[in-house]
Amino acid sequence: MNKHLKMDERQSDVLADMAQGTVGRELARSEGPLKVSGRAVYAAESGDGTEAVGVLVRATIANGRVASIDAGDALALEGVLRVITDSRMVRRPAQGTANGAPAQDTSQVDHFGQPVALVVADTFEQARHAAHLLDIRYGVETADIDPETAREVETPEGKRLEQGAFDTAMDDAAASIDAIYTTPSQSAAPMEPHAALARWDGDRLTLHGAYQMLKYNRNELADALGIHPDNVRIVSRYVGGGFGSKLGIGPEAVAAAIAARAIGRPVRVVMSRAQVFEMTSRRSETWQRVRLAADRDGRLTAIGHDARVSNLPGEAFSEPVQIATHFLYGGASRHYETRIARLNRTCAGSMRAPGEAVGMLALENAMDELAHHLGLDPVELRLRNIPERHPENGKPFSSRGLADCLTTGADLFGWNRRNTRPGAKREGEWLVGLGMASAARSNILSEAQARVRLNTDGTATVETDMTDIGTGTYSILGQVAGEMLGLAPEDVTVELGDTAFPPGSGSGGSWGAGSVGSAVFLACQDLRAALAARLGCDPGEMTLKDGVATVSNRQTRLSDLVDEAMEATGHIEPGDTKQEMQQAAFGAHFAEVAVNSVTGETRVRRMLGVFAAGRILNLKTARSQCFGGMIFGIGAALTENLVHDPRDGHVVNRDLAEYHIPVNLDVPRLDVAFLEERDPWANPIQTKGIGELGISGAGAAVTNAIFNATGIRVRDYPVTLDKLL
Ligand code: MOS
């Protein structure tokens with residue numbers, strides 16, 4: 001059985017009558033005990049100990065060519081098996097949405113830290129030592145490290161938009177803001193380093209790796225190696241965080257595969273922590289100019305959002321800084337332009353909420369400036385500027401809880417206790433203030449398939465190559481299947497992260513739960529129809545609960561009904577509604593900070609996020625996603641800054657001691673509330689993405705609170721203490 005739905009019409013609330021009561025519940029992650037007891041096997045641990053170990057070797061110039069590599073001393077060491085400089089190995093981190101970046105000429109170096117070789121040995125220590133003995137000679141060329149002085153800055157096709165009479169609106173405004181905001185490069189810095197273990201059986205490759213989007217990753221790897229995707233299997237059962245840096249395969253995957261083939265033995269390649277910072281994609285630094293024009297009542301008449309971001313020469317990706325600005329607020333006249341500086345820094349790619357995460361730091365900071373300028377409450381300013389329809393293309397919104405999130409959040413947080421005069425509240429050395437910001441993140445449906453099997457013992461199994469990158473996919477897919485089939489969570493087994501299963505959506509763009517959850521839902525609808533047929537009724541006349549089917553007063557155990565395993569595959573695809581409706585999840589962030597007037601140190605005291613993101617499948621995992629996003633927001637506001645040395649572009653702070661993500665002491669009590677919402681246009685299970693909603697706007701709430709506390713408006717992120725003294 002195969003149920004295929006092209007999502008091109010509104011879906012009625014199909015889960016509403018379900019009897020099991022599993023969907024939406026606050027359930028702990030089903031795989032949690034395996035993780036905390038060390039029994040969940042991650043990519044780097046997936047071998048049996050007999051595999052050889054590869055260590056990647058980096059380039060130590062920013063731009064130029066590898067003239068020669070003398071591996072004589074390295075190869076003379078005991079245990080060293082091979083030094084590989086295969087040109088297929090060196091590839092930029094792909095974005096995970098295409099068939100991968102083209103293979104490059106290995107001798108070309110375009111950033112410091114780029115892998116140029118792999119040393120393979122019996123043990124890690126031998127390989128690492130040998131890696132230091134490679135004698136690499138370069139032909140050095142002039143590099144561009146600094147976006148301010150880059151020789152090549154372009155405005156690509158489609159990165160300019162002008163609507164209405166922008167300059168006139170700015171000139172005629174009762175109040176206006178014209179300010180420059182900057183954000184630094186950031187690193188996804190997932191806890192699990194990028195890792196791959198490759199094993200060949202004849203022409204068939206099995207790669208255990210840490211990736212987000214297996215159906216694409218398989219094609220990328222096949223493409224890089226020049227083999228057919230049917231000969232590639234990728235397994236990623238557990239992934240220790242990705243945040244975009246594992247959307248595509250990296251050099252570790254290709255290098256491990258090439259090496260394993262070359263030496264006829266499985267090979268494991270695990271990046272060191274430093275290599276994660278130097279070899280995986282970063283979020284681009286941004287320069288943003290935000291212009292706002294408003295009438296006397298605080299209604300926007302114009303919005304301008306220009307940006308300069310960067311990437312390596314030839315790379316197509318550019319941080320989509322204005323993504324939320326396009327639809328969040330009204331204003332008839334609009335202006336956007338993005339320039340891309342070509343730099344010899346690490347490759348820029350998607351990092352959690354590409355676009356909104358940094359774009360909203362600027363936009364929501366500027367909105368706070370405008371509110372202050374107008375003497376208007378920042379919540380009220382936002383409420384006055386929620387547009388009827390998308391202000392540029394006129395599309396209606398599929399669902400939008402922004403106003404409710406703003407007012408509910410203000411109530412819950414005690415926003416009315418805020419001092420409107422900055423710097424007015426002091427507790428000893430500490431200046432205390434409140435700030436807020438809107439949250440918005442576009443919602444996307446991505447093609448996905450999942451197979452569900454109803455077993456003869458009345459349990460069910462879900463199979464898809466979908467990944468769980470720490471987000472709770474194992475739990476929510478079990479909940480959707482359990483709800484549909486009337487089974488308790490423990491009676492549904494979820495198998496993920498293996499390209500041997502039907503292709504899911506992958507984890508990216510916050511589309512995972514809605515997309516693959518819908519595929520599971522469709523498969524279960526098919527199974528329900530088949531069960532109803534066996535019972536001689538319509539699916540609507542049958543109730544499934546606790547492993548029992550009830551029709552009128554007749555009860556049948558599923559284990560009695562299923563004499564031979566029944567299987568169905570659900571398949572969802574985006575359809576026309578994607579073009580017709582503006583889909584996004586919304587929210588509001590509120591923060592209280594204290595800034596020490598002597599040291600300049602900022603402590604976030606409490607934070608609240610209120611979100612409207614369609615149906616919430618699991619209250620606990622959804623809330624945890626939002627906590628994670630808000631913590632990312634605190635990091636973006638106060639600490640995160642990936643520093644490239646201006647002389648040669650090397651990453652200066654390439655470990656977690658120097659690249660400052662918030663630690664427990666930096667994170668106060670966080671509260672998250674979800675508004676009841678269904679989005680019938682989004683997908684059959686009516687969810688919207690939340691993985692990236694929590695970060696969108698979060699950092700601006702913190703910096704706006706800093707302004708309220710101190711009267712100091714910092715536009716250069718992160719707001720380190722030197723900027724407040
Ligand atoms: Mo996300 S940056 O699409 O993993």
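This is a predicted model: local features need pLDDT of at least 70, side-chain atom pairs count only at pLDDT 80 or more; totals for chains, interfaces and linings use all residues.

Biologist: Fine. How many helices and strands does the protein chain have?
Modeller: There are 17 helices and 31 strands in the protein chain.

Biologist: And how compact is the chain?
Modeller: As compact as a globular protein of that length, because its radius of gyration is 26 Å, close to the 27 Å that the globule rule gives for 725 residues. Along the principal axes, the C-alpha atoms fill a box of roughly 80 × 70 × 50 Å.

Biologist: What share of the residues is buried?
Modeller: Buried residues account for 58% of the 725.

Biologist: Which domains are assigned?
Modeller: The domain assignment gives domain 1 as 2–40 + 447–573, domain 2 as 43–143 + 188–279 and domain 3 as 355–444 + 580–724.

Biologist: How far apart are domain 2 and domain 3?
Modeller: Their C-alpha centres lie 37 Å apart. The contact between them takes 11 residues from domain 2 and 9 residues from domain 3. On the domain 2 side, the touching residues divide into 7 nonpolar, 2 polar and 2 charged.

Biologist: Switching topic. What is the strand order in the open sheet of 7 strands?
Modeller: The order is β4-β6-β2-β15-β12-β13-β14, and the pairing is mixed. β4 (80–84) and β14 (232–235) are at the edges with a single partner strand each, so one side of each has no neighbour in the sheet. From one strand to the next, the twist averages 20°.

Biologist: How does β4 pair with β6?
Modeller: β4 and β6 (residues 115–121) are antiparallel, with 4 bridges. V83 in that pair stands opposite V119 in β6.

Biologist: Which helix packs on that sheet?
Modeller: Helix α6, residues 251–263, packs on the sheet and touches several strands, including β2, β12 and β15. The direction of α6 makes about 35° with that of β12.

Biologist: Next, the hairpins. How does β25 join β26?
Modeller: β25 (residues 542–545) and β26 (residues 548–551) run antiparallel, joined by 4 bridges. M542 has V551 in β26 as its bridge partner. The hairpin has 2 residues between the strands, and D546 takes a positive phi near 50°.

Biologist: And what about β26 with β27?
Modeller: β26 and β27 (residues 554–557) are antiparallel, with 4 bridges. T550 stands opposite Q555 in β27. That hairpin has 2 residues between the strands, and S552 takes a positive phi near 50°.

Conventions
Residues are numbered from 1 along each chain as its sequence is written. Two strands pair if DSSP finds at least two bridges between them. Axes are lines fitted to C-alpha atoms, for helices over the stretch in contact, and angles run from 0 to 180 degrees between N-to-C directions. Two residues are in contact if their C-beta atoms, placed from the backbone, lie within 7 Å. Domain bounds come from an automatic or database domain assignment. Ala, Val, Leu, Ile, Met, Phe, Trp, Tyr, Cys and Pro count as nonpolar, Asp, Glu, Lys and Arg as charged, and the others, Gly among them, as polar. The radius of gyration is taken over C-alpha atoms; the globule rule is 2.2 Å times the number of residues to the power 0.38. A residue is buried if 20 or more other C-beta atoms lie within 10 Å of its own, exposed if 12 or fewer, and partly exposed in between; C-beta atoms are placed from the backbone.
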